[in-house]
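This briefing is meant for a reader who is meeting the structure for the first time.

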Amino acid sequence: MTQGELFGGPFDAAVGRGRSEPAPGAVLLPGWLDAAAQLRLVAACRAWARPPAGMHTVRMPTGGLMSVRMVGLGWHWYPYGYSRTAEDGTPVKPFPPELDVLARRAVAEAYGADVGGVAGAAGYAPDIAIVNHYPHGARMGLHQDRDERTDAPVVSLSLGDSCVFRLGNTETRTRPWTDLELRSGDLLVFGGPARFAYHGVTRTLPGTADPALGLTGRLNITVRQSGL
Ligand SMILES: O=C(O)CCC(=O)C(=O)O
Ligand SMILES: [Fe+2]
């Protein structure tokens with residue numbers, strides 16, 4: 001049985017763990033971060049998560065709490081917008097220069113010679129990072145990232161437990177979609193025609209992280225350009 005059959009849908013366990021383009025404009029580079037870079041990022045996330053303006057639970061306008069906890073750097077995300085003030089009323093932490101460097105390299109490597117053909121990729125100037133922590137059992141429903149005022153690519157880095165990432169289409173929350181396994185160190189860039197695709201995390205795979213990371217659950221860092 002393939003993993004596709006196991007998860008009941010088209011499933012690309014990052015075929016052979018090589019570069020793939022799961023949808024036009026979406027590029028997956030498995031294992032893009034080496035072990036040392038992953039360790040450094042986990043340590044940085046721990047510092048960014050601390051109060052003030054630290055990691056918090058988000059209440060949706062409908063009243064429910066998100067199962068993912070998050071912290072914004074550069075800008076604080078709330079449903080549905082950005083502010084310079086965090087959940088606790090204190091100024092948001094600055095957008096870290098190391099994420100600026102990393103995300104620019106990510107976009108350059110993801111698109112290579114095509115960078116000029118992807119909206120906002122050549123002049124990519126990120127100023128937001130959102131760090132999400134997925135405790136065991138957490139998930140993120142299908143959504144579009146559309147609180148930014150640009151169509152510049154979103155850079156996504158995964159750390160810790162693997163997850164099933166659902167990459168859908170730009171029109172509806174329904175099929176067609178592709179389920180991708182994102183593992184620790186994987187880079188996913190979604191720009192161009194994939195920039196406003198619905199996406200989400202249907203589940204994490206507890207216990208799949210390298211124990212050496214010292215992380216329970218999964219971390220995801222998205223780096224974005226606000227246009228604000
Ligand atoms: O955790 C992920 O891989 C996706 C996170 C995401 O979609 C978001 O923060 O908007
Ligand atoms: Fe998103």
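Phe 190 is placed in strand 13, which covers residues 187-190, in what is a predicted model. Phe 190 counts as buried because 24 C-beta neighbours lie inside 10 Å, where 20 or more are required.

**Around Phe 190**
- Apart from its neighbours within four places in sequence, Phe 190 is in contact with Gly 25, Ala 26, Pro 153, Val 154, Arg 195 and Ala 197.
- Thr 85 and Phe 190 are separated by 105 residues in sequence, and their C-alpha atoms are 27 Å apart in space.

**The annotated domain**
- An unreviewed UniProt entry lists residues 125-227 as "domain: Fe2OG dioxygenase".
- This span, residues 125-227, is 46% strand and 0% helix, and its end C-alpha atoms lie 9 Å apart.

**The surroundings of ligand 1**
- The residues surrounding ligand 1 include Ile 130, Asn 132, Asp 145, His 199, Val 201, Asn 220 and Thr 222.
- Two or more residues of this shell come from each of strand 8 (128-134), strand 14 (199-205) and strand 15 (218-224).
- Sorted by class, the shell around ligand 1 holds five polar, four nonpolar and one charged residues.

**Backbone features in loops**
- The peptide bond between Pro 79 and Tyr 80 is cis, with omega about 5 degrees, and Tyr 80 belongs to the loop between strand 6 (76-78) and strand 7 (81-83).
- A cis peptide bond also runs from Arg 175 to Pro 176, with omega near 5 degrees, and Pro 176 is in the loop between strand 11 (162-167) and strand 12 (178-182).
- Ala 53, in the loop between helix 2 (35-49) and strand 4 (56-59), has a positive phi near 55 degrees although the residue is not glycine.
- Ala 53 counts as buried because 21 C-beta neighbours lie inside 10 Å.

Definitions and conventions
Residues numbered from 1 in each chain as written. Chains lettered and ligands numbered in written order. Predicted model: local features only at pLDDT ≥ 70, side-chain atom pairs only at ≥ 80, totals over all residues. UniProt positions renumbered as here; feature names shortened; annotations may be inferred. Helix = DSSP H or I, 4+ residues; strand = E, 2+ residues; numbered from the N terminus. Near = placed C-beta within 6 Å. Nonpolar A, V, L, I, M, F, W, Y, C, P; charged D, E, K, R; others polar. Buried ≥ 20, exposed ≤ 12 C-beta atoms within 10 Å, placed from the backbone. Contact = placed C-beta atoms within 7 Å.
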